[in-house]
Amino acid sequence: MPKRFFFLLLCLTIAACPGGSRAPAAFDGSTPIAEIQGSGPASLLAGRTVTVSGIVTGDFQERDADSSNSLGGFFLQSEQPDGDPDTSDGIFVFDGPDPAVDVEVGQRVVVAGTVTEHFGETQVVASAVTIAGSGAIEPTSVSLPVPTVTNSDGETIADLERYEGMLVSVAGPLTITDLSDLERYGALTLAAGGRVEQFTNRTRPNVSGYAAYENEVAARTIVLDDGLAVQNAPHVRHLRPNRADPAGYRVRGGDRVTALTGNLRYSRGSGPNGFETWRLMPAEPPVFEVRNPPQDRPQTVGGSVRVASFNLLNFFPTVDDGTPRCGPGGTEGCRGADSEAEFARQRAKTVNTILHMDVDVVGLMEIENDGGAALADIVRGLNDSGDGGWAYVDTGVIGTDAITVAIIHRDTVVPSGDFALLTNAVDVRFDDDRNRPALAQSFRHRETGGTFTVAVNHLKSKGSPCDDVGDPNRRDGQGNCNLTRRNAAKAEADWLQTDPTASGDPDVLVIGDLNAYLEEDPVIAFEEAGFINLLKRHVGPAAYSFSFDGRVGALDHALASPSLAARVRGATEWHINADEAPLLDYNLEFGRDPGLFDASDPARTSDHDPVIVGFDP
């Protein structure tokens with residue numbers, strides 16, 4: 001028997017082979033990892049039985065001595081790179097839920113197994129694993145943005161194929177842009193170059209510019225995962241980093257990661273679920289930097305009257321039991337809390353948050369359209385808190401949707417005259433099958449006697465299409481139903497010029513969720529009609545109240561008639577929701593730790609940030 005073959009057989013049957021600077025002879029008979037990976041997205045050796053060897057750079061085995069990680073395997077990397085920048089020198093070895101050999105980072109390992117593609121990730125499914133010595137791999141430095149992007153699950157992502165399975169160090173700082181997957185998948189989305197804004201928050205819509213911008217964002221974005229294959233882990237790894245930060249610190253959008261080292265894999269995140277993208281599994285604890293601390297109170301806006309706009313994210317006293325019993329006809333699905341316990345948590349946090357605003361009038365969106373019971377419940381909670389004098393504008397049922405807009409107010413102001421509604425019956429341009437009817441109410445300030453009108457809005461969302469009415473997504477950054485929203489805005493601007501509440505006063509404040517960012521057509525329509533954009537004037541082009549798909553922008557607005565704008569003393573967004581992880585809200589599903597919830601903390605009362613305006617009427 002040749003000596004080389006005998007040495008290979010011996011190393012596959014004993015616990016270890018001689019170490020040192022030179023790899024043992026067992027490595028000489030293996031298939032190079034770079035050859036398995038190839039230069040394309042899928043291995044040309046898929047289905048083949050191979051022997052691979054290398055250094056363990058990431059221990060993510062299940063049921064081994066390291067219980068902090070569980071991906072069902074480990075990452076293996078060639079000790080000597082092949083020198084080709086287009087081929088990866090690392091690979092994920094899957095050895096199942098009960099591995100026969102417990103490996104550790106820094107060990108030389110020989111693996112016999114089959115090359116597979118698992119949801120786009122090249123793997124070796126191990127049939128035999130042998131520890132063969134020790135060694136070390138230095139992480140490869142990766143900088144974002146990368147030169148090219150690619151398609152994944154119909155979305156554009158950074159092209160990091162050349163680093164698949166490798167130990168990498170991503171140059172920072174990287175900004176946290178999305179926390180929506182933190183609870184379910186333990187994932188944070190990060191981006192180089194600062195926060196990611198919605199394209200149309202600063203730029204007028206256009207097709208080519210939007211496409212280029214999306215590619216630019218993808219090239220500088222990566223996902224930091226938690227190294228776990230389970231969903232809804234009992235301990236959320238990245239929520240509160242183990243570091244010397246202020247008491248109670250939690251990660252928020254806009255905070256940064258300054259040091260990030262781990263193994264790069266193409267994965268759905270937790271088993272077969274989630275979105276396929278490049279995820280970094282940390283080999284070392286990431287280092288977080290506080291850049292966007294929580295705001296316990298909103299910024300002072302001045303003025304003798306303060307008005308807020310607040311989307312409540314489905315405040316429904318009627319608990320959602322899965323039956324279609326909500327809406328004016330009692331035939332629509334309920335939204336919001338799924339149990340009385342959840343609603344009690346939602347109600348307590350909502351009431352406390354409104355009290356913290358210290359405002360006189362609140363325009364509400366996404367409240368149950370039940371004829372006033374939901375409103376009465378909020379007002380009762382406010383008054384029971386000891387801050388008495390709250391009331392609501394009793395409109396009864398508005399429109400046909402399960403949710404509606406509404407107004408509550410303190411006794412510092414008095415309703416002046418009747419409310420008015422803008423519907424399709426008033427102006428055919430206002431499609432109230434898609435937009436919620438707009439609600440206008442005039443008020444008189446008790447102390448000064450000044451009169452002003454508040455118009456509350458919730459225009460059609462971008463989430464579902466309007467193709468059936470000739471209003472498709474133009475791919476210019478404005479999403480679905482832009483024409484529907486623009487027509488509604490034009491109709492409302494004209495309607496308000498007619499003084500629909502018969503106030504006899506030109507001071508008008510338009511607030512609400514317009515489902516349009518700062519430079520989109522509906523907002524511009526109000527500006528072209530003479531309304532002054534208070535966010536642009538007092539906050540600036542970086543204003544935001546909502547985060548979607550890792551991009552922030554202002555969906556919630558405040559626009560004033562010229563006469564009122566002259567007396568506005570300030571406007572602000574209270575960033576208590578858009579920057580926070582959803583797992584802090586009132587919900588209790590998926591085994592969430594109830595202790596994460598704090599009714600006294602305004603964080604994640606909703607998904608929209610309130611907008612607050614102060615003025616002298």
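I count two residues as in contact when heavy atoms lie within 4.5 Å. I am working from a predicted model.

**Entry 1. Glu164**

I started with Glu164 and looked up where it sits. I found Glu164 in the loop between β8 (155-158) and β9 (167-170). Is Glu164 buried or exposed? I noted a relative accessible area of 1% for Glu164, and under 20% counts as buried, so Glu164 is buried.

Next I listed what Glu164 touches, leaving out residues up to four places away in sequence. The list reads Gln37, Ser88, Gly90, Ile91, Gly120, Glu121, Thr122, Leu264, Tyr266 and Trp278. I also checked Asp89, which is 75 residues from Glu164 along the chain. The C-alpha atoms of Asp89 and Glu164 are 8.0 Å apart.

**Entry 2. Disulfides**

How many disulfides does the structure hold? I found 2.

One of them joins Cys326 and Cys334, with the sulfur atoms 2.0 Å apart. I read 90 degrees about the S-S bond for Cys326 and Cys334, and the link is right-handed. Cys326 and Cys334 are both buried.

Cys466 and Cys481 also form a disulfide, with 2.0 Å between their sulfur atoms. Here I read 95 degrees about the S-S bond, and the link of Cys466 and Cys481 is right-handed. I then placed the pair on the chain: Cys466 and Cys481 both lie in the loop between β23 (451-458) and α8, 15 residues apart. I noted Cys466 as buried and Cys481 as buried too.

I turned to helix packing. Two packed helices are described by the angle between their axes and the distance between the axes.

For helix α6 (residues 340-357) and helix α7 (residues 373-384), I noted axes that come within 9 Å and cross at roughly 60 degrees. The crossing of α6 with α7 is right-handed.

Which residues of α6 and α7 meet? On the α6 side I listed Phe343, Arg347, Val351, Ile354 and Leu355. On the α7 side I listed Asp377, Ile378, Arg380, Gly381 and Leu382. By class, I noted 6 nonpolar, 1 polar and 3 charged residues in the contact of α6 with α7.

**Entry 3. α8 and α9**

I looked up helix α8 (residues 482-497) and helix α9 (residues 521-528) in the same way. They pack at an angle of about 20 degrees, and their axes are 8 Å apart. Angles under 35 degrees count as roughly parallel, so α8 and α9 are roughly parallel to each other. Their crossing is right-handed.

From α8, the contact is made by Asn482, Arg485, Arg486, Ala489, Lys490, Glu492 and Ala493. From α9, Asp521, Pro522, Ala525 and Phe526 take part. I noted 5 nonpolar, 1 polar and 5 charged residues in the contact of α8 with α9.

**Entry 4. Cover on α9**

How many of the residues of α9 are buried? I found 6 of 8, and noted α9 as mostly covered. The buried residues are Asp521, Pro522, Val523, Ile524, Ala525 and Phe526. I then looked up what these buried residues pack against: α8, β24 (508-513), β25 (532-533), α10 (534-538) and β28 (556-560).

Last, I checked what comes after the helix. α9 is followed by Gly530, which has a positive phi near 110 degrees.

Notes. Residues numbered from 1 in each chain as written. Predicted model: local features only at pLDDT ≥ 70, side-chain atom pairs only at ≥ 80, totals over all residues. Heavy atoms only, no water. Axes fitted to C-alpha atoms, helices over the stretch in contact; angles between N-to-C directions. Helix = DSSP H or I, 4+ residues; strand = E, 2+ residues; numbered from the N terminus. Parallel < 35°, antiparallel > 145°, perpendicular 65-115°, else oblique. Left-handed = near helix turned anticlockwise from the far one by under 90°. Nonpolar A, V, L, I, M, F, W, Y, C, P; charged D, E, K, R; others polar. Disulfide = S-S within 2.5 Å. Buried < 20%, exposed > 50% of the residue type's maximum accessible area, 1.4 Å probe, protein only.
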